[in-house]
Amino acid sequence: MGLDTDINKIPQCIIDEAKATDGEEYIFRALCEFNALIIDATAPYCVAYKPNLAFYEAYGVDGLLAFEATVDYLKEEYPHHFIIADAKRGDIGNTSKMYAKTFFEQYDVDALTVAPYMGEDSVTPFLGYDGKWVILLALTSNKGSLDFQLTADTQGERLFEKVLKRSQLWGTEENMMYVVGATQGKMFEDIRKVAPNHFLLVPGVGAQGGSLEEVCKYGMTKDCGLLVNSSRGIIYASDGEDFAEVAAQKAHELQQQMAKELKK
């Protein structure tokens, strides 16, 4: 479940309640309340939550406090659910070391999305934490992925394939996953040729138009190997007072679709 919580898309009933309590300082309360109700509604149908840091950093201190409060809520109420900070960090070694400290020590999340463009020394600081996972960007779902990720060298090897191969020298199947966008469809077959056993985090099902059936057909292993993410299609399925109930319904529908794919 992606928690891309946008104050402009939260149901008005949550905004009104938060303003009635906190006045103009309502943002923290609104973000926390919305997230808690979405989490309570969808927890039976998912194994992980993925708050996107951009949607919290945009509101400054209040947003970051809401992110931290959401992580704390998950740990307290749903300790068996996996927590992914979708922050796409990655910089020179010293900076990456501090990013790793932020998310794996301060926030103590289970996993962090990381950009691989700057190479090994920008990624390895994140890999030094037992029990934590690095989720490396490999082949994304956005239109701009064509600009670089699919470009090939003189031997025909595409950049995303080079990232997959090289990064496996840094991490293992026990501490590294890859982001592969659901809109890539049959390309999952090529991903699995290079990374047959790594878990894949798959955004883009639902609002972005990715096909769950194609993702499973080409990306699933005998042990599954997929974390399929949906955000907007579930958390904003209704903007009325029934938003949590509708989110639960949409999450259940997606979970049932996945159950059918597993049976195949």
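Me: What is a disulfide, and how many does the count come to here?

Reply: A disulfide is a pair of cysteine sulfur atoms within 2.5 Å. By this rule the count comes to zero. The model is predicted: local features need pLDDT of at least 70, side-chain atom pairs count only at pLDDT 80 or more, and totals for chains, interfaces and linings use all residues. Residues are numbered from 1 along each chain as its sequence is written, and side-chain values use heavy atoms, with hydrogens and water left out.

Me: Why is Cys13 too far for a bond?

Reply: A disulfide is a covalent bond between the sulfur atoms of two cysteines. The closest cysteine sulfur to that of Cys13 belongs to Cys32 and is 16 Å away, so the pair is too far for a bond.

Me: Is Cys32 buried or exposed?

Reply: Buried means under 20% relative accessible area, exposed over 50%, partly exposed in between (1.4 Å probe, protein chains only). Cys32 has 18% relative accessibility and counts as buried, while Cys13, at 26%, is partly exposed.

Me: Which residues touch the most other members of the largest nonpolar core?

Reply: A nonpolar core is a set of buried Ala, Val, Leu, Ile, Met, Phe, Trp, Tyr and Cys residues joined through side-chain atoms within 4.5 Å. Of the 74 residues in the largest one, these are Phe67, Phe103, Val109 and Leu136. Apart from this core lies another of eleven residues, including Ile84 and Met177.

Me: What does Val109 touch?

Reply: Contact means heavy atoms within 4.5 Å. Not counting residues up to four places away in sequence, Val109 touches Phe67, Val71, Ile83, Ala85, Phe103, Phe104 and Lys132.
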